[in-house]
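Start with the model itself.

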Amino acid sequence: MTQAEFNEKLKIFTKSKVGIKILLPSLQLKKKYEEILWLYYVEELNHFEISDRMNITKESVGNLLCKARKEMFEVITTQYGLFDNEYKTIIKILLGID
């Protein structure tokens, strides 16, 4: 799976919000990455709202989201075997694998 494919699946996966609420804290991403993913996918804030909340520029929001999704993808794909079964199930749903 490529990063682009992962990002598309993430858009679909996060529509329910339950999975992302459970998965995000378990990934142990950088605080900023976890925060921006939470604001974007769970709270459904737009770039302007996130920039106000985090006190960063709108352009920085886009860059930070890109970096956060990349780190999320790398953690999931490289450390999959270390996750508990509950998280593996969520990841399987996210990635659309059996």
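Glu-43 has a relative accessibility of 36%, so it counts as partly exposed. The model is a predicted one. The partner of Glu-43 is Arg-53, and their side chains meet in a salt bridge with an N to O distance of 3.2 Å. Glu-43 sits in the loop between α3 and α4, while Arg-53 belongs to helix α4, so the bridge ties together parts 10 residues apart in sequence. Arg-53 is partly exposed too, at 48% relative accessibility.

**Salt bridges**

How many salt bridges are there by this rule? The count comes to three. Side chains of opposite charge can pair when their charged atoms come close. Here a side-chain nitrogen of Lys or Arg must lie within 4 Å of a carboxyl oxygen of Asp or Glu.

| Pair | N to O distance |
|---|---|
| Lys-11 and Glu-8 | 3.1 Å |
| Glu-43 and Arg-53 | 3.2 Å |
| Glu-44 and Lys-17 | 3.5 Å |

Glu-44 pairs with Lys-17 through their side chains. This bridge links distant parts of the chain, 27 residues apart. Glu-44 lies in the loop between α3 and α4 (47–54), and Lys-17 in the loop between α1 and α2. Is Glu-44 buried or exposed? Glu-44 is exposed, because its relative accessible area is 52% and the exposed class begins over 50%. Lys-17, at 22%, counts as partly exposed.

The pair of Lys-11 and Glu-8 stays inside one helix. Both residues belong to α1, three residues apart, so about one helical turn separates them. Lys-11 is partly exposed at 45% relative accessibility. Glu-8 is partly exposed as well, at 44%.

**Helix α2**

Now to the packing of a helix. Which residues of α2 (residues 18–26) are buried? They are Gly-19, Ile-20, Leu-23, Leu-24 and Ser-26. These residues lie on the same side of α2, because they cover an arc of only 160° around the axis.

What covers the buried residues of α2? Among the covering elements are α1 (3–13) and α3 (31–42). The cover also includes α5 (58–78) and α6 (85–95).

After α2 comes Gln-28. Its phi is positive, near 55°.

**In brief**

Three salt bridges are counted. In α2, the buried residues share one side, with α1, α3, α5 and α6 included in their cover.

Definitions and conventions
Residues numbered from 1 in each chain as written. Predicted model: local features only at pLDDT ≥ 70, side-chain atom pairs only at ≥ 80, totals over all residues. Heavy atoms only, no water. Buried < 20%, exposed > 50% of the residue type's maximum accessible area, 1.4 Å probe, protein only. Helix = DSSP H or I, 4+ residues; strand = E, 2+ residues; numbered from the N terminus. Arc of directions from axis to C-beta. Contact = heavy atoms within 4.5 Å.
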